[in-house]
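Hello,

Here is the structure I promised to pass on to you. Please open it first, and then read my notes below with it on the screen.

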Amino acid sequence: MSILVIAEHDNAALKSATLNAVTAAAQIGGDIHLLVAGAGCGAVAETAATIDGVAKVLLVDAPHYGNHLPENLAVLVAARAQGFTHILSAATTAGKNLMPRVAALLDVAQISEIVGVKTPDTFDRFTYAGNVLTTVQSADPVKVLTIRTTAFPAAGEGGHALVETLEPAADVGVSRLIGRELTSSSRPELATAKVVVCGGRGLGSGENYHALLEPLADKLGAALGASRAAVDSGFAPNDYQVGQTGKVVAPELYIAVGISGAIQHVAGMQDSRVIVAINKDPEAPIFQIADYGLVGDLFDVVPALTAAL
Amino acid sequence: MKVLVPVKRVVDYNVKVRVKADGSGVDTANVKMSMNPFDEIAVEEAVRLKEAGVATEVIAVSVGVVNCQETLRTAMALGADRAILIQTDAELQPLAVAKLLKAICQKEQPQIVLCGKQAIDDDANQTGQMLAALMGWAQAAFASKVAVAGNKATVTREIDGGTETVEIALPAVVTADLRLNEPRYATLPNIMKAKKKSLDVVTPEALGVDITPRLRTLKVAEPPKRAAGIKVSSAAELVEKLKNEARVI
C-alpha cells in the first residue's frame, strides 16, 4: 500500500495538522508520501522530509499553487493519484475544501473527518453532531479521507525522506485569491492549544467576554473560544466557534464559561481531557459532561479564579 | 440568471437522535424533519440575489423520498420560484447526490449553485465541492459574503484563523456558512402561494445516474458517554483540584 498525504502550509512553514495526518497514514500502514504543493515552498519540503515515517516528499513548486486554491490543487492531486491506495489530509477548512473535489475527480467516495482506523478500508467517524459513531467500509480502489486532528497524535521528527520535484499540472484559471484576513493573536492556536477558555451567552456582551476571559486565558496560556450563541451575538469572531459546525478541540483543559452545553457545542469539545464548567444554572447540560462544575455567578467566579491561579 | 439551490430534508436540529437497537442506523420514524439549516441560509441568499435583481429565477432541488416535497415547499415559501424533486428511496451518498445535481445543472444551466456547507445528519461537507469538480467549475466553500458582478462572483470564505476573499468565474458552486445571512421566516401568505408553485418530480433512472453507494455502513453506535464529575464550591477549590487531582495546571 502507498499513501499520499497532502501537506498544509503557507509556503514558509508546515501546518502542524499535517503531522496528525501522517500519524493516521502510519496507522493505515504503507509507504507514506507527502505532497508539498505551493510557490517558493522548497523550505517546507525540507522540513517535511524530517517527519518521522515519511518515505518521500513530492514537491510541486509553481505560481498557480501559491494560494492553495482547490481548483488547481485538486487537478494536481488527481493527476498524481495513480499508484496510491489512500489520499489523506487533515480535516481543516483547507482539507475540507479540497478533498471532496479530489474524490469527485477520481470518481470515488470521500470519507470525512475520520477519528479511527479499523482496517485499511474501514474507518470510524462521527455523524449527527457527534451523537452517533459510524463505522464505514469503502469499496473504492482509492480511499480519500480527511482526518480529525484531535483523534491522532502528531508525528515526531527523525525522518530522512527523499525530496522529489514533480512537474505542475496546467493552471485551471477559474479562481483567484483577492486577499486573506487572519486574526492576529499572541495566544496559541485554538485547534491545537493545550488549554482552551471558551465563553458563551452567559457573558452578556463582547466587553464582558474580553474583560473576563482574556486575563484568565493570559494566566493559563490558553486559546480563546466561543459558543455559537456568543459568536452569533458578536462577542467573538466567527473562527472562535467551537462545535459541530465550527472547530473541534481536545485540549488538556477546557474551561466553559457561561455555556449551557447544547449538543452542537459538546460535539466540538467532548474529547477534552479535563472539562471545567462555570455556570449559574445548576441544571445546565454542560454539567453532565464536566469533570469539575462550579455553580455560581461567572462575574464573581472568573475573576476569583484568575486571581487564584 | 438562474440560481439552483439544493436542499436536504434532515432530522430537525433540536431532536436528540437515537441509534436503532440493532446498530443498523438512526431511528427516524416519527421524528420531526426539517430543512438542513445551512440549506435554509443558501435559499435565503439565492432569494436575496433575486430581490437585488441579480438572479432571475431560483430553483430548489431535493433528492430523496417523497416527503422531500415538504422541504421543497418550504424553500418555495421562502421565495424559490419552482422546485425539482429527484425521487428515490435508495440510500444516498454525497458523490451520488453530486452526480444527480450535475444532471440537473446540465439541463437547467444555472450560473450559480448555492448550497449549504454541510448537512447536520451525515456531517459530510462534500456535495458542493464534488458538484463543482464534476462540472469543472470554480468553488467557494464556507461563504460568509457573496457579491455577483457580471460573469464573476467575489466571495468571502471562512477559513481557519480568519477569512479569505476569492474571485471565481461563473458558473460556480458556492456553499453557505452559518453567518452568510439570517434566513427569513415563511409568512402564511407565502406558504399558501408556495402550494401553487411548480414542483417537478424525476427519478435517478430517468436522469441516467448510477447512485450505487460506495461506502457500506458496518455499524452505527452511540459513542461512549462522558460521565459527570464533581461539583466544587469555590474558585479556590477548583484551582486546588486542577493542580493536585487533575494535574493540568
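The model is predicted, so local features need pLDDT of at least 70 and side-chain atom pairs count only at pLDDT 80 or more, while totals for chains, interfaces and linings use all residues. Residues are numbered from 1 along each chain as its sequence is written, chains are lettered from A and ligands numbered from 1 in the order in which they are written, and side-chain values use heavy atoms, with hydrogens and water left out. Helices (H or I, at least four residues) and strands (E, at least two) are DSSP runs numbered from the N terminus. Touching, or contact, means heavy atoms within 4.5 Å. Axes are lines fitted to C-alpha atoms, for helices over the stretch in contact, and angles run from 0 to 180 degrees between N-to-C directions.

Strand 2 (residues 31-38) and strand 3 (residues 56-61) of chain A run parallel and are joined by six bridges, with Val36(A) opposite Leu59(A).

Which strand of chain A pairs with strand 12 of chain B? That is strand 7 of chain A, through six bridges in an antiparallel arrangement, and Thr135(A) stands opposite Lys219(B) there. Strand 7 of chain A also pairs with strand 6 of chain A, antiparallel over six bridges, and here Thr135(A) faces Asp124(A). The hairpin of these two strands has four residues between them, and Tyr128(A) takes a positive phi near 50 degrees in it. Strand 7 (residues 132-138) of chain A is largely enclosed by the rest of the structure, because six of its seven residues are buried (under 20% relative accessible area; exposed is over 50%, partly exposed in between; 1.4 Å probe, protein chains only).

The two chains also meet through helices. The axes of helix 4 of chain A and helix 4 of chain B come within 8 Å and cross at roughly 45 degrees. These helices are therefore oblique to each other (angles under 35 degrees count as roughly parallel, over 145 as roughly antiparallel, 65 to 115 as roughly perpendicular and the rest as oblique). Among the residues in contact are Pro100(A) and Ala104(A) from chain A, and Met130(B) and Ala133(B) from chain B.

Finally, Ala81(A) sits in the loop between helix 3 (70-79) and strand 4 (86-90) of chain A. Ala81(A) counts as buried because its relative accessibility is 6%, and it touches Ile87(A) and Leu106(A), leaving aside residues up to four places away in sequence.

Best wishes

Methods:
Pairing = 2+ DSSP bridges.
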